[in-house]
Every structure is written in structure tokens, then in C-alpha cells.
Amino acid sequence: MLPSPSDDQIASRRHWMSVLAKSPAARLEELWRDLAEPPAYRFLRRPEIGLTMIRARAGGTGTVFNLGEMTMTRCAVETATGHVGFGHVAGRDTRHAELAALFDALLQDPARHDEISATVLAPLTREQETRREQASRKAAATRVNFFTMAREA
Amino acid sequence: MYVAIKGGETAIDNAHALLAEKRRGNPAVPELSLTQISEQMALAVDRVMTEGSVYDRELAALAIKQARGDLVEAIFLLRAYRTTLPRLATSEPLDTAAMAVQRRISATFKDLPGGQVLGPTFDYTHRLLDFTLAANGQDVPTPEPADEPLSADLPRVAELLNQEGLIETAEDGEDGPVGDLTREPLTFPAGRDLRLQALARGDEGYLLALGYSTQRGYGNSHPFAGEIRMGEVTVEIVPEELGFPVEIGTVTVTECEMINQFKGSKTQPPQFTRGYGLAFGEAERKAMSMALVDRALRCRELGEEATVPAQDEEFVLSHADSVEAQGFVQHLKLPHYVDFQSELVLVRALRAEAEARAEQEKGSEEKE
């Protein structure tokens with residue numbers, strides 16, 4: 001039995017899994033190709049396409065309801081070093097789920113963590129922040145001030 | 001009564017070949033790609049995802065292409081495809097307060113903390129046909145971004161009213177079972193969870209008309225668009241094998257919080273009440289209509305007398321789904337030969353009877 005991970009470990013794993021899922025699959029492919037030592041691996045679960053039911057709350061905070069589904073793909077891999085990685089990604093790109101699972105496995109490997117963190121996670125995080133900021137700045141340019149027309153007394 | 005019919009295979013095959021040819025249109029005109037549809041017909045894609053109830057831009061674009069642009073047919077195709085996929089997970093409820101906002105407006109407070117953000121809106125356009133779009137290869141203007149991004153903290157309008165206690169609070173829903181129309185059929189009375197799901201999947205035109213009716217006097221709802229926001233929200237699931245929440249991606253949604261005057265009841269003081277609308281993509285008309293109808297359907301819980309069509313839950317929800325509605329209407333064109341044959345026999349017999357009776361009455365009149 002493996003020791004259960006600490007809250008910090010879970011938090012950092014959640015962060016990288018989020019970044020991997022939200023990055024374009026084509027970028028993950030590039031970074032995979034750039035790896036000096038790609039690991040040998042096998043599938044624990046071949047990529048599988050299915051649906052997630054998306055839930056929301058009435059008024060944003062109230063009664064939970066089912067809004068509608070979205071496509072997703074999941075996958076599990078084990079590297080030659082015995083690290084198990086999971087990929088859960090929106091959409092139907094099986095390669096995206098596979099690469100997300102592979103990087104998840106590598107990031108859990110203490111021998112590879114720092115390298116992958118610097119060469120994969122850091123640029124992807126930066127790119128995501130830039131994309132988000134760009135979109136937000138474009139929206140911010142459409143911010144208006146409405147004035148009500150009041151008659152002078 | 002349905003009776004199997006045979007024959008017509010060749011004619012049906014030929015009809016489908018003809019359909020495929022018509023779908024392609026003039027072969028001299030370049031064929032549309034799915035990315036062209038999802039990029040340039042984005043709001044059609046959004047509508048098909050919302051009412052088809054599957055968020056997947058590429059699948060929705062394919063459905064639109066296959067349906068020759070008939071969005072209700074495309075919604076049907078997407079719903080049908082959905083049934084071939086397993087359900088792998090159920091998400092945590094979306095946190096729309098944490099949305100990466102692209103648009104956010106309020107018709108009730110002009111000085112909203114965080115500001116009014118118009119975003120990519122049709123509002124304030126002159127609705128004049130733009131013939132520069134008719135010429136290909138137009139230069140697209142590049143919007144100048146602001147120096148600073150939007151504030152990460154954009155409080156909900158409902159929260160502002162809540163500080164004065166003038167609006168009903170949406171209690172955190174109990175973690176009870178959440179109804180799912182894709183698993184069990186709708187029964188009445190329906191809880192708000194099922195009503196909202198049915199409205200989210202419901203036909204936009206139908207909800208627009210019902211929402212409009214509440215404004216025109218079939219209902220007394222005095223609505224204000226308290227807040228409309230559109231942008232990306234993160235979808236999070238808790239995979240069994242991990243036991244902690246994992247973000248799998250983002251979806252763009254449009255949210256509308258309608259605020260309605262409420263005179264109060266025996267148990268509740270006068271205050272504002274809320275109607276809620278949420279849809280995939282940029283779907284403001286849909287979200288607003290949904291919010292109006294959601295509020296109208298809350299009459300029972302608020303102790304209001306149900307007197308108008310939009311308050312009639314069974315009527316509203318039973319007819320909201322375009323896939324069911326078009327199926328039942330369009331089945332009328334399928335062969336009903338045996339049905340009709342029996343009606344023909346019946347009408348002939350009734351006609352003969354009526355004629356015989358008229359003849360008899362005429363005879364007795366002549367005798368008098």
C-alpha cells in the first residue's frame with residue numbers, strides 16, 4: 001500500500017492535471033516530441049471516449065441541476081518506472097488524453113519531476129495565462145459607463 | 001395503429017442519394033469544412049450544442065453540415081449520437097462566479113462593481129446588412145485590448161441586492177439526488193432541477209414565445225435583466241480512481257439572472273424573486289427566455305395562482321423539446337394507410353346514415 005498523498009501533493013497534481021487538460025493537444029504533442037528521454041509505457045486503460053454530465057446551480061448558488069453533457073476522453077498509463085498517470089480531458093481527442101496521462105506519470109516521478117515541470121508545465125501554464133489575459137483585456141476594452149440623464153434643477 | 005409496410009427500398013436509396021447531392025450543392029462551390037462551420041457559424045453551433053445537450057463544437061458542426069443547416073434536424077442528430085456514448089462522469093456544479101468573463105451586463109445597476117462589459121454583442125448594431133461582408137477577403141478589424149484585464153472579482157448582482165435583504169436567497173441546494181431527464185421520463189409536479197434541465201434542452205423559439213407572453217400580460221412578472229454574463233467556466237469531475245476533483249477543460253456558457261418584483265405572500269415579505277437561465281456557448285436570447293419561463297414556473301412554490309400558459313408546468317415542459325415535438329408532428333407524413341382506410345369506412349358509413357336520415361325527414365315532411 002502506497003502512503004496516501006499529502007494535501008500539498010494533491011494540490012500540485014490537480015494544478016498540473018488542469019493545465020495538461022486545458023492545453024491544446026498539438027502543444028502537448030510538440031513537447032512530447034521534444035523530450036530527451038520519452039519513457040516506455042503501457043496502457044492501464046486505453047483511451048476511452050464518453051460523456052460527462054455537466055451540473056450547475058440555479059442562480060449560481062442554489063438547487064443543483066443537470067445542464068447538459070460534454071464529450072470527454074479518459075486514459076490511464078503506467079511508465080516503465082511504475083508511475084501511473086491519468087488523463088481526463090474534454091473532447092474526443094484520444095491522443096490528448098494519452099499525452100496528459102503520460103505527463104501526469106512523469107510529473108509524479110521524483111527523478112523526472114523538476115525537468116518536466118520546467119520544460120512542459122511551466123511553458124504551458126504561461127501560455128494559458130497569456131491566452132486568458134489576452135481575452136480578458138479584449139473584453140475589458142468593451143467596458144462602458146452608462147450615464148443616466150438627469151435634469152439640472 | 002401501425003402496420004409494417006414493405007417495398008420502396010430502391011426509391012428510398014435514390015432519395016438519399018438525391019439528398020446527398022442536394023446537401024453538397026453546386027460542386028463548383030468549395031465545400032464547407034467543419035472548422036469553417038464552428039468558427040464562422042459559431043452561434044448556430046452553440047444552439048445545436050445547447051438543445052442537442054452535448055458540448056462538442058466539432059460534433060455540432062458535423063450535425064449542421066449533415067442537416068444542410070436545419071438546426072432542429074442537427075439537434076436531433078446530435079441527440080441520437082449522444083446515445084452511443086457511455087456516461088463516464090458527472091461534473092461538480094459549475095462555478096459561474098469564477099467565469100473568465102467576456103461579457104457581463106446588468107440592466108438594473110449601472111455602476112456595477114467590476115463594470116459593464118459589452119463583449120462581442122449584436123446590441124447597439126444598426127441591423128443594417130453589411131455588404132462589405134459579401135465581398136470575400138475583407139480586412140478584419142483587430143480590437144485594441146485594454147491595458148489591464150478585467151477584475152477577477154465580479155460580484156453577482158443578486159449578491160448586491162442580497163446585502164439589503166431585498167432579494168430571495170438561493171439556498172445551497174441540498175445534496176439530494178438530482179433528477180436527470182436522460183435517465184427517467186419527466187413526471188409532474190417536477191422539481192426545479194428537472195424543470196431547469198428541460199428548459200436548458202428546450203427549443204429556443206418556443207421558450208422565447210412563452211417568455212414574451214409573460215411580458216405581454218400573460219403573467220405579471222415585471223422582469224429585469226439583473227445580470228447577464230458570458231464566458232468560459234471550468235468543468236471539474238471527481239474520477240473514482242483518484243478521489244479528488246480534476247479539471248478536464250472549459251466550456252463557454254451564457255448565464256442570465258432575471259429579477260422579478262414580488263408582492264409577498266403569507267409567509268414571505270415583499271421582495272425580488274429570481275428566474276435563472278443557463279445555456280452552452282453564446283446564447284443570450286435562450287438564457288433570457290429560459291430565465292423568464294423558469295420564474296413563471298415557480299408560481300406554485302411562491303404561492304402565486306397559476307392562470308397563464310407560461311405557469312402551466314405540464315403544458316410548458318411537455319412541449320418544450322424540439323426533438324419530441326418534431327418527431328410527433330412529422331410522423332404524420334409516414335404511411336397511415338390502414339388508419340386512414342378505417343376512418344374512410346367510418347366516414348362513408350356515417351355519410352350514408354346522414355343521407356338516409358335526411359331522405360326520411362324529407363319524406364315525412366311531404367306527408368304532412
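I began with Arg24(B) and Glu31(B), whose side chains meet in a salt bridge at 3.7 Å, N to O. The rule I used for a salt bridge is a side-chain nitrogen of Lys or Arg within 4 Å of a carboxyl oxygen of Asp or Glu. The model is predicted: local features need pLDDT of at least 70, side-chain atom pairs count only at pLDDT 80 or more, and totals for chains, interfaces and linings use all residues. Residues are numbered from 1 along each chain as its sequence is written, chains are lettered from A and ligands numbered from 1 in the order in which they are written, and side-chain values use heavy atoms, without hydrogens and water.

I looked up exposure next (buried is under 20% relative accessible area, exposed over 50%, partly exposed in between; 1.4 Å probe, protein chains only). Arg24(B) is partly exposed at 31%, and Glu31(B) is partly exposed at 48%. Glu31(B) also meets Lys65(B) in a salt bridge, 2.7 Å from N to O. Glu31(B) lies in the loop between helix H1 (9-24) and helix H2 (34-40) of chain B and Lys65(B) in helix H4 (57-66), so the pair ties together parts 34 residues apart in sequence. Helices here are DSSP runs (H or I, at least four residues), as are strands (E, at least two), numbered from the N terminus.

I then checked Arg195(B) and Glu313(B), which form a salt bridge with N and O 3.8 Å apart. Both residues are buried. Shared partners join Glu168(B), Arg195(B), Arg298(B), Arg300(B), Glu301(B) and Glu313(B) into one network of salt bridges.

**Interface of chains B and A**

I took contact as heavy atoms within 4.5 Å. Chain B gives 73 residues to the contact and chain A gives 53. The two chains bury about 5,800 Å² between them, 62% of it on carbon and sulfur atoms. Buried area is the accessible area (1.4 Å probe) that two parts lose on being put together, summed over both. The rule finds 7 salt bridges across this interface. I noted Glu236(B) with Arg14(A), at 2.9 Å from N to O.

In H2(A), I found Ala25(A), Leu28(A), Leu31(A) and Trp32(A) buried. They cover an arc of only 125 degrees around the axis, which puts them on the same side of H2(A). The arc is that of the directions from the helix axis to the C-beta atoms. Ala26(A) and Arg33(A) are exposed on the other side.

Ser23(A) is buried at 3%.
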